[in-house]
Amino acid sequence: MSGAGTDIEAVAAANTALYDALERGDLDAMAERWLDEGVSVVHPGWPVISGRGEVMRSYALIMANTEYIQFFLTDVEVSVQGDTALVTCTENILSGGPAEADGSAGPLVGGMVVATNIFRRTEDGAWKVWAHHGSPVLLDQEDDEDEESEDDAEGGEGQPGGTTIG
């Protein structure tokens, strides 16, 4: 069995490969990242999807309806306990719709999702996804405006004119 540092690195690499497959729209590579049975996924706003066939079908739908997607992962934490690993992260997502009629790029939309990915080590030592759960991060505009007002009143960290960076 490999050492803890090596396991953490291997799980982190498996997690990155999962997102790389989705960015490329490569369903075969995505399927290689998942266990053969007992898997589940919760996409933001979707119900629980169980079973390998249904999970892969959900990713096929996402890939078919997404012209462009890129993930910037932050706050990545990896924990390994025996043959099970937990990865939590924030998915900072940039996605785009279909190209415009003139051939130019479609509109880009940003979003933020907190995700939990659970991996299991297989008999051949590979780390495969057992479950993925993503929840959207809802930013409260009212709270942001309140913070700006407080910063302005206190001579806070904003730009000239009171616009807060961050």
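Me: How many aromatic pairs does a search of the whole structure find?
Reply: The search finds two aromatic pairs. The model searched is a predicted one.

Me: Why is the pair of Trp 34 and Tyr 59 called tilted?
Reply: The ring centres of Trp 34 and Tyr 59 are 5.9 Å apart, and rings pair if their centres lie within 6.5 Å. Their planes stand at 50°. Planes under 30 degrees apart would count as stacked and over 60 as edge-to-face, so the pair of Trp 34 and Tyr 59 is tilted.

Me: What makes this pair a tie between parts of the chain?
Reply: Trp 34 lies in the loop between H2 and strand E1 (40–42), while Tyr 59 is in helix H3. The pair therefore ties together parts that are 25 residues apart in sequence.

Me: How do you know whether Trp 34 is buried or exposed?
Reply: Buried means under 20% relative accessible area. Trp 34 has 1%, so Trp 34 is buried. Tyr 59, with 5%, is buried too.

Me: Which residues have the most contacts inside the largest nonpolar core?
Reply: They are Met 30, Trp 34, Val 55, Tyr 59 and Phe 119, in a core of 31 residues. Elements that give two or more residues to this core include helix H2 (27–32), helix H3 (52–64) and strand E5 (108–121). The largest share, six residues, comes from H1. As a general matter, nonpolar side chains tend to be buried together in soluble globular proteins.

Me: What does Val 55 touch, not counting residues up to four places away in sequence?
Reply: Val 55 touches Trp 34, Val 39, Ser 40, Val 41 and Ile 49.

Me: How do you know that the span of H3 agrees with what it should be?
Reply: H3 has 13 residues, and at 1.5 Å a residue it should span 18 Å. The expected span uses one less than the number of residues. The end C-alpha atoms of H3 are 18 Å apart, so the two values agree.

Me: Why are the buried residues of H3 said to line one face of the helix?
Reply: The buried residues of H3 are Val 55, Met 56, Ser 58, Tyr 59, Ile 62 and Met 63. Seen down the axis of H3, they fall within an arc of 150°, so they line one face. In general, an α-helix has 3.6 residues a turn, so residues three or four places apart point the same way.

Me: What makes Ile 69 count as buried?
Reply: The cut-off for buried is under 20%. Ile 69 has 17% relative accessibility, so Ile 69 counts as buried. This residue is in strand E3. Leaving aside neighbours within four places in sequence, Ile 69 is in contact with Leu 22, Glu 23, Ile 93, Leu 94 and Ser 95. The C-alpha atoms of Ile 69 and Glu 23 are separated by 5.5 Å, though the two residues are 46 apart along the chain.

Me: Why is Asp 75 called exposed?
Reply: Exposed means over 50% relative accessible area. Asp 75 has 57%, so Asp 75 is exposed. Asp 75 is also in strand E3. Its phi is near 55°, a positive value in a residue other than glycine. Most residues other than glycine have a negative phi.

Me: How many helices and strands are there in the protein chain?
Reply: There are four helices and six strands. From the N terminus on, they run α-α-β-β-α-β-β-β-β-α.

Notes: Residues numbered from 1 in each chain as written. Predicted model: local features only at pLDDT ≥ 70, side-chain atom pairs only at ≥ 80, totals over all residues. Heavy atoms only, no water. Core = buried A, V, L, I, M, F, W, Y, C linked by side-chain atoms within 4.5 Å. Buried < 20%, exposed > 50% of the residue type's maximum accessible area, 1.4 Å probe, protein only. Contact = heavy atoms within 4.5 Å. Arc of directions from axis to C-beta. Phe/Tyr/Trp six-rings, centres within 6.5 Å; stacked < 30°, edge-to-face > 60°.
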